[in-house]
Amino acid sequence: MHIDSNTYLGHWPFAPLPSYTAGKFASHLTDHGIQQALVSPLNAVFLPDPMPANRKMFTAVKPTPALIPVPIINPTLGTWQDQIDECLHLAPIRAVKILPNYHNYRLTHRQFEPFMETLATNKLKLILNVRLNDERTQYFALNLKGVPQTDIAKFLKHYPTSHPLLTGIFRPELKQLASQCENFSADISFCEWRNTLVDLLTVLPPQRLLLGTCSPLLSTRGQVDKLNLAGIPKKSKTLIGSTNAKRFFHL
Amino acid sequence: MRIFDIHTHPILMGSGAKPEEIKQLYTEGKALGIVGMNSLGDVSFYGHCPDAGQCAKINDGNGHLQRLFPDFFTSFCHLNPTLGERVVMKEAERCVTNFNSKGIKLEKTNNASASCMKHIAKAAREFNLPVLQHTWTVHGIAGRRVPRSIQSDPTDTATFARRHPEVKVIMAHLTGFGFRGIAEVKHLPNVSIDTSAGYPEEGLIEYAVEQLGADRVYYGSDLPIREQSVTIGRILGARITPKDRQKILYDNAAILLGLN
Ligand SMILES: [Zn+2]
């Protein structure tokens, strides 16, 4: 059984997705061989303050232990410390997710220094989400590009003792980044090419890749099959499918 | 479950043409249940506007595949309508005669609503070939990047289909033309779509089946740009009936291309 490091619960305005409750979402994932998932609130993507969406998500997933809540934090708001404190109080969180492109900030923002210190103090992992959809098929009224790979490289070099998880990174961006930095892991949700994993394992060890499906925005079955049917050693599949996530998030 | 992939580019960017590479592609495909692939050639290798000789070289690549695995590969011929009627008809005839081409593949040489598309319609009628047209929304970032003169929005592909109702059109790239593209061709019975390219965005397969019916949806991957396990998994995981799934993955292509 797999662990999915990149899933969402809530409303997405750009597609008629199935409207999942936490319980229904967990059983949908189970149907595709996913026994645990890190889940973040989609409703926080377009809110000026993500907390109302985080609170709702904590309540929603409480009866569903298979879904591990990952709040979305905006470290550039004046209340960033309050956001983290409240989340720590509401649930035993293991990580926080940031969406620099949706929340309109750069990774060089001055508040990142204390933010990163607070994460380290509280033993919280950072998930840096690069994108939620392919810019080429984005809704016409949006013009959002993924978080620039050069910014991510600078960020990783600036915080050499941190080791974030990058979600939603494209395959060429990941390959480029892998040649520059080692202090990160990545999910495979937006990496795709013929023999994706065979290709990625030429630049990254299997210990740094995690299964992420970006469900329910992308097809869970399609994403899981990318791993299940990959022509890579079984040991690597187990690492990518669950072991790495267990280690990364202390599950 | 038998699967036929209507949209592949097995030889791409100079690689993939060696017999052992083609054998590997064949073996990997078979492992996924793929019983045949339709090759569309390396249509971007010579840039946006290949000349007659370059089109012929692209199409010869398909012939190469078919010689090695005749029961596995079919092909569509790549034509450039901007080169005029004589060139289009000559190359279409050559491909039908030499490679038993089953259709015509159009990329980004021109907009699908351009007047030169009448040459394509003529070739399609004369040789009884469906026309597979690259289509992508011009409203996203890609649309702003690629000039409309060569990028066909679903409205452009629909214009071509409306002008030539006797021609069977396959509008390529489901994720690329999206919900709006499906709606655009719903009332054009000569238009079908393929599921190739883009990420496996949720809801699109279901919407296509609901609006067009499964008879008008072909499975395609866009290999090697995409992963076939993902593009197939997207259809296996869609909330549609098993019968519709079978139509998309194999039956529709079998009827269109006269497969056994
Ligand atoms: Zn293609």
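Tutor: Start with one aromatic cluster, formed by Trp12(A), Phe14(A), Phe46(A), Tyr102(A), Tyr139(A) and Phe140(A). Keep in mind that the model is predicted. Over all chains, a search of the whole structure finds 21 aromatic pairs.

Take one of these pairs, Phe112(A) and Phe155(A). The ring centres of Phe112(A) and Phe155(A) are 5.5 Å apart, and their planes stand at 75°.

Arg131(A) lies over the face of Phe170(A), 3.4 Å from the ring centre. Arg208(A) lies over the face of Phe184(A), at 4.7 Å from the ring centre.

Now follow the buried residues to helix α8 (residues 220–228) of chain A. Seven of its nine residues are buried, so α8(A) is largely enclosed by the rest of the structure. Among the buried ones are Thr220(A), Gly222(A), Gln223(A) and Val224(A). Asp225(A), Lys226(A) and Leu227(A) are buried as well. What covers them? In chain A, the cover includes β1 (2–9), α1 (22–31), β2 (34–41), α7 (196–200) and α9 (234–249).

The contact takes 34 residues from chain A and 33 residues from chain B. The area buried between chain A and chain B is about 2800 Å², and carbon and sulfur atoms give 57% of it. On the side of chain A, Arg136(A), Glu192(A) and Arg194(A) lose the most area to chain B. Together they make up 28% of what that side buries.

Arg194(A) has a charged partner in the other chain. It forms a salt bridge with Glu28(B), and the closest N and O atoms are 3.0 Å apart. The rule finds two salt bridges across the interface of chain A and chain B. Helix α8(A) returns here: with six residues, it gives the most to the side of chain A that touches chain B. Between chain A and chain B, twelve residue pairs are in polar contact.

How values were computed
Residues are numbered from 1 along each chain as its sequence is written. Chains are lettered from A and ligands numbered from 1 in the order in which they are written. This is a predicted model: local features need pLDDT of at least 70, side-chain atom pairs count only at pLDDT 80 or more; totals for chains, interfaces and linings use all residues. Side-chain values use heavy atoms; hydrogens and water are left out. Rings of Phe, Tyr and Trp (its six-membered ring) pair if their centres lie within 6.5 Å; planes under 30 degrees apart count as stacked, over 60 as edge-to-face and the rest as tilted. A charge sits over a ring if NZ of Lys or CZ of Arg is within 6 Å of the ring centre and within 35 degrees of the ring normal. Buried means under 20% relative accessible area, exposed over 50%, partly exposed in between (1.4 Å probe, protein chains only). Helices (H or I, at least four residues) and strands (E, at least two) are DSSP runs, numbered from the N terminus. Contact means heavy atoms within 4.5 Å. Buried area is the accessible area (1.4 Å probe) that two parts lose on being put together, summed over both. A salt bridge is a side-chain nitrogen of Lys or Arg within 4 Å of a carboxyl oxygen of Asp or Glu. A polar contact is a pair of N or O atoms within 3.5 Å; within protein, one must be able to donate a hydrogen and the other to accept it, and residues adjacent in sequence count only if both atoms are side-chain atoms.
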